[in-house]
There are 2 protein chains.
Amino acid sequence: MAAFSFNKLVIFGVGLIGGSLARSLRERAGATGRVVGVGCSAASVARALDLGVIDEVVALDDDAALARALEGADLVLLAAPVAQTGLLLVRIAPYLAANTVVTDAGSTKGDVVAAAREALGARVAQFVPGHPIAGRESSGVDAALPALYVDRNVVLCPLAENAPADVKRIAAMWRATGACVHRMSEAQHDRVFASVSHLPHLLSFALVDQILDAPDVQLKFSFAAGGFRDFTRIAASSPEMWRDVCLANRTALLAELDAYTDVLARFRAAIEASDGAALEAAFARSRVARTEWQEGGALKSPGESVAK
Amino acid sequence: MAAFSFNKLVIFGVGLIGGSLARSLRERAGATGRVVGVGCSAASVARALDLGVIDEVVALDDDAALARALEGADLVLLAAPVAQTGLLLVRIAPYLAANTVVTDAGSTKGDVVAAAREALGARVAQFVPGHPIAGRESSGVDAALPALYVDRNVVLCPLAENAPADVKRIAAMWRATGACVHRMSEAQHDRVFASVSHLPHLLSFALVDQILDAPDVQLKFSFAAGGFRDFTRIAASSPEMWRDVCLANRTALLAELDAYTDVLARFRAAIEASDGAALEAAFARSRVARTEWQEGGALKSPGESVAK
């Protein structure tokens, strides 16, 4: 594990993602810097303090404490729901020193970058957008693990304004947790995750929603088995988080949803026309691709790696 | 485990389902009767014979051998793809003794019953439609397990013409494998499984299909993670089987697909209108129901049990 050191890391929102970063840098990378948690939810940061994940708690609405927290901080991580990004950056801006690098962990990037530009103006150069791909159904700081990021992907979407050294520093931080760091444009990021993450969540929520409004709902749940279980596992995800993701990544998500609806219409027509050959060919192509993906075959090449 | 005995069991299609029944009755229920495998695929039954799952192989197109196989058989299981049900029953009909009870393991029931009525005429009274809910991604006789049916559900859809004693015999056979036996009408069965099994498979195949035709396909697969993995696990299922299921259960499946498309249109409108409250309420309702289902709570009551 690469060594990594920092002076002071300030984490806004100490849940699964922020808590796991703090634990990983300390317990795996041997970092000894101070970790300050800023509470969006007071109960959550208090719990993080109890667990020893952070050294100090600061309330978001306490100007003086926030100023002290950010003083001498070399790293800031925003790990609160993406919809709060703009508000948090507006709170941070007055106290942001010139040598502090800010990054985030939001699942969408276009909206985050727009909010950062609005909140920070020219100092957006200090903001390196990021997204660690490490969701779990469980959330909150109790679920935080020092090994959460080992072999996980972290996507950085550097801005034209970012200093290369700042991007490298954030990349080094994530590498120290055991993650693989990749680089994409914001637009590419949002298209990719609308497709492989946001849309499946929406589709999974939709299936449970449909059954709940259908006749025989009790009987249907009684006979739901393994296929239903796996398909709907992500329908147990956080409603608030996925509401925010759907709205934050609206443009890319609606494009993917429309393309998906077109595929369903094609499948529907094949079923109605008893076109077994078309169905079998489509299913067979999907099966091959899904199997190759699972086996880490040709399709699973990594994204463009960020320069060390 | 309940004891169960038979004189001769003839299985058409000795793969995962038929092979597991044979192994379970012998290895768990202590049955000593003869098991004959009739090959839809010659390689598959030969393998079943090699593995000791069956005692004898008969080719489907050998009239004399088929007549001998069915002579003295008290039980027949059809465990080939549902689309073959009619053809198999036409082959069986000339040699079907009056005291033989035939059942099947098809995932759809309306089409199976229609095919059985056409193939057997008045002797459809000897056919007790059934569906063991025990799919796995792996198929074939090598995947067959004696414990496959333990605590799994088996649905029987008895016909008005069936003798109650014949229905009880098939129910006893499945109970001897460790399964829980339930009873539904064919229409109810097909609606329930269109909703909780067939539609999710179609939706899962469709997501992979959509990605394969999209730009950035390689990048998308590279960054697909746990949510995608679970959502698309069933897209690695057998294309032939799911083609047949989609066509066999067309009416119920299209009704479910249309209702699902309506939910997607509602979600789409909420996203477009930035109606976060509507999205969050829908996601929260789905999350609660999915979580209760997983925990075996109020929604997971068993179906109506068949009388012993």
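Select B:Gly178 first. This residue sits just after helix α6 of chain B and takes a positive phi of about 100°. The model is predicted, and every stop on this tour is a stop in that model.

Now step back to α6 itself, residues 164-176 of chain B. How far apart should the ends of its 13 residues be? At 1.5 Å a residue the helix should span 18 Å, and its end C-alpha atoms are 18 Å apart, so the two values agree. Colour the buried residues of α6(B): they are B:Asp166, B:Val167, B:Ile170, B:Ala171, B:Met173, B:Trp174 and B:Ala176.

Next, show both chains and select the residues where they meet. On one side are 80 residues of chain A, in contact with 81 residues of chain B. Which helices of chain A each supply at least two residues of the side that touches chain B? They are α7 (186-212), α8 (217-223), α9 (226-232), α10 (239-248), α11 (250-272) and α12 (276-294). Coloured by residue class, the side of chain A that touches chain B divides into 45 nonpolar, 19 polar and 16 charged residues.

Keep both chains on screen and look for the axis between them. Two copies of a chain are related by a rotation about an axis and a shift along it. Here a rotation of 180° with 0.0 Å of shift along the axis superposes chain A on chain B, with an RMSD of 0.0 Å. That is the relation of a two-fold axis. To find the axis, select A:Phe231, whose C-alpha is the nearest to it in chain A, at 2.2 Å. The same surface serves both copies, as 99% of the contact residues of chain A recur in chain B.

The last two stops are in loops of chain A. Most residues other than glycine have a negative phi. Select A:Asp151, in the loop between β7 (130-132) and β8 (153-156) of chain A. A:Asp151 is not a glycine, yet has a positive phi of about 65°. Is A:Asp151 buried or exposed? With 8 other C-beta atoms within 10 Å, A:Asp151 is exposed; the cut-off for exposed is 12 or fewer.

Finally, select A:Asp216, in the loop between α7 and α8 of chain A. Phi of A:Asp216 is also positive, near 65°, in a residue other than glycine. A:Asp216 has 16 C-beta neighbours inside 10 Å and therefore counts as partly exposed.

Methods: Residues numbered from 1 in each chain as written. Chains lettered and ligands numbered in written order. Predicted model: local features only at pLDDT ≥ 70, side-chain atom pairs only at ≥ 80, totals over all residues. Helix = DSSP H or I, 4+ residues; strand = E, 2+ residues; numbered from the N terminus. Expected span 1.5 Å × (residues − 1). Buried ≥ 20, exposed ≤ 12 C-beta atoms within 10 Å, placed from the backbone. Contact = placed C-beta atoms within 7 Å. Nonpolar A, V, L, I, M, F, W, Y, C, P; charged D, E, K, R; others polar. Least-squares fit on C-alpha atoms with pLDDT ≥ 70 in both.
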